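The following exercises, each with a worked solution, concern the structure displayed below.

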Amino acid sequence: MCVLEVQSVSVNHLMGVYNRAPLEVDRGRGARLWAKDGTEYLDMVSGISTNALGHANPILVEAVKAQAEKLWHVSNIFRIPGQEELADKLCEHSFADAVFFTNSGTEAVECAIKTARRYHFHNGAPERIDIYGFDGSFHGRTYGAINAAANPAYTNGFGPPMEGFHQLVWGDHEALKAAIAAPTTAAIIVEPVQGEGGCRAIPEHCLRSLRELCDEHGVLIIFDEVQCGMGRTGKLWAHEWAGIAPDIMAIAKALGGGFPVGACLASAKAASGMTVGVHGSTFGGNPLAMAVGLAAFGELVKPELIANVNEVAGYLKQQFVGLQERFPDIIVDVRGKGLLIGVKLVPNNRDFMALARDDQHLLIAGGGDNCCRILPPLNLTIEEAREAVRRFEGACETARKQMAG
Ligand SMILES: *Cc1c(COP(=O)(O)O)cnc(C)c1O
């Protein structure tokens, strides 16, 4: 029997791909998590932007229970009424006319890339295969997704770079213009607000000029809103802030409120190549996922929830900027949008996360560029937000003492 030494504190049979926090989570409620030993934590990770309505939300629990007793899975060879209903709702509330349901974000990205290439193939331009992504982005872990983001940390050792995938650096306008004008370009893929990469919000005027340039040259835009979508930035879709729309969009994380479900949305034009037989999924869009997706979407589109995001986000932004002024030795920058908040740190972000967890019982997520991410549920109350700031402040004080000592 082969037992893997995952980390010094735990020995188990899991592939050692995660550096897990030494915390055994037992149950959750709203913005709280409890470990097996009974310790209570304030959770500003939300399953990485997934449990947007908090843990064990009664509306979602009820939806899962009711559907679980009725029907789980039938396969896409049958009509699935929940799928049609959720697709209707997503299209009613977005630029899209067509939806493909997946089980995860990376599958939604995969479908988006395939939809873009098929569009050109189907419309007499099969030479248009090139997909351009940006530095600092994250699109998931399947081959298409890692090649689109081209982060060496995720591509190294996984074989040759895939043909037709290229990388752009934000701010290099000449390279971007050349990429869009090239006759073999299919699509540009971008997160309007980067998540894993360090919470960089792409300036709205940049997104608008990207739209103009792509329109001029018949190139499609794919927005990856897997993390920044579904209300997190204070609008249902992050790209709404720029007043433009993509041709194709990948969503997932909050779509099921914590239940695994993703979707690729497209305009009728962009989806025109996705004809019978060219794509599919066994589990994607199963009745159980659709039931919880419908219940979650019903909550996520409520104006009160979006208003709460803007109110709490405004408060948190102001408070974290205040903390930056008081702790310039700990905090270098506060960035992001809405309740996707990035705090760039001086101390190592992993160490700071562990300190916040153990010293303050505050859970925060990591991120690129030595950021930590604050990703609370969208229904976080102002009182809970105050508590999060107080605990973060406590972690800053402890970190300062540690650095001095
Ligand atoms: C999390 C994430 C993905 C991948 O989603 P999975 O469900 O982990 O496959 C893709 N894009 C972005 C922007 C993400 O944050």
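**Exercise 1: A salt bridge and the interface around it**

Glutamate 196 and arginine 373 form a salt bridge, with their closest N and O atoms 3.1 Å apart; a salt bridge is a side-chain nitrogen of Lys or Arg within 4 Å of a carboxyl oxygen of Asp or Glu. The model is predicted: local features need pLDDT of at least 70, side-chain atom pairs count only at pLDDT 80 or more, and totals for chains, interfaces and linings use all residues. Residues are numbered from 1 along each chain as its sequence is written, and side-chain values use heavy atoms, with hydrogens and water left out.

Task: Determine how many salt bridges cross the interface of domain 1 and domain 2, and describe that interface.

Solution. 
1. Locate the domains. Domain 1 comprises 25-43 + 303-404, and domain 2 comprises 58-300; these bounds come from an automatic or database domain assignment.
2. Count the salt bridges. The rule finds two across the interface of domain 1 and domain 2.
3. Count the polar contacts. Nine residue pairs, both at pLDDT 80 or more, are in polar contact between domain 1 and domain 2. Such a contact is a pair of N or O atoms within 3.5 Å; within protein, one must be able to donate a hydrogen and the other to accept it, and residues adjacent in sequence count only if both atoms are side-chain atoms.
4. Count the residues in contact (heavy atoms within 4.5 Å). Domain 1 contributes 22 residues and domain 2 contributes 23.
5. State the buried area, which is the accessible area (1.4 Å probe) that two parts lose on being put together, summed over both. Domain 1 and domain 2 bury about 1600 Å² between them, with 59% of it on carbon and sulfur atoms.
6. Identify the leading contributors. Lys337, Leu340 and Arg373 supply 38% of the area that domain 1 buries against domain 2, more than any other three residues.

**Exercise 2: Positive phi values**

Task: Where are serine 75 and methionine 230 found, and what is phi at serine 75 and at methionine 230?

Solution. 
1. Recall the background. Most residues other than glycine have a negative phi.
2. Consider serine 75. Its phi is near 90°, a positive value, and serine 75 lies in the loop between helix H2 (58-68) and helix H3 (81-92). Helices (H or I, at least four residues) and strands (E, at least two) are DSSP runs, numbered from the N terminus.
3. Consider methionine 230. Its phi is near 65°, also positive, and methionine 230 occupies the loop between strand S10 (220-224) and strand S11 (248-251).
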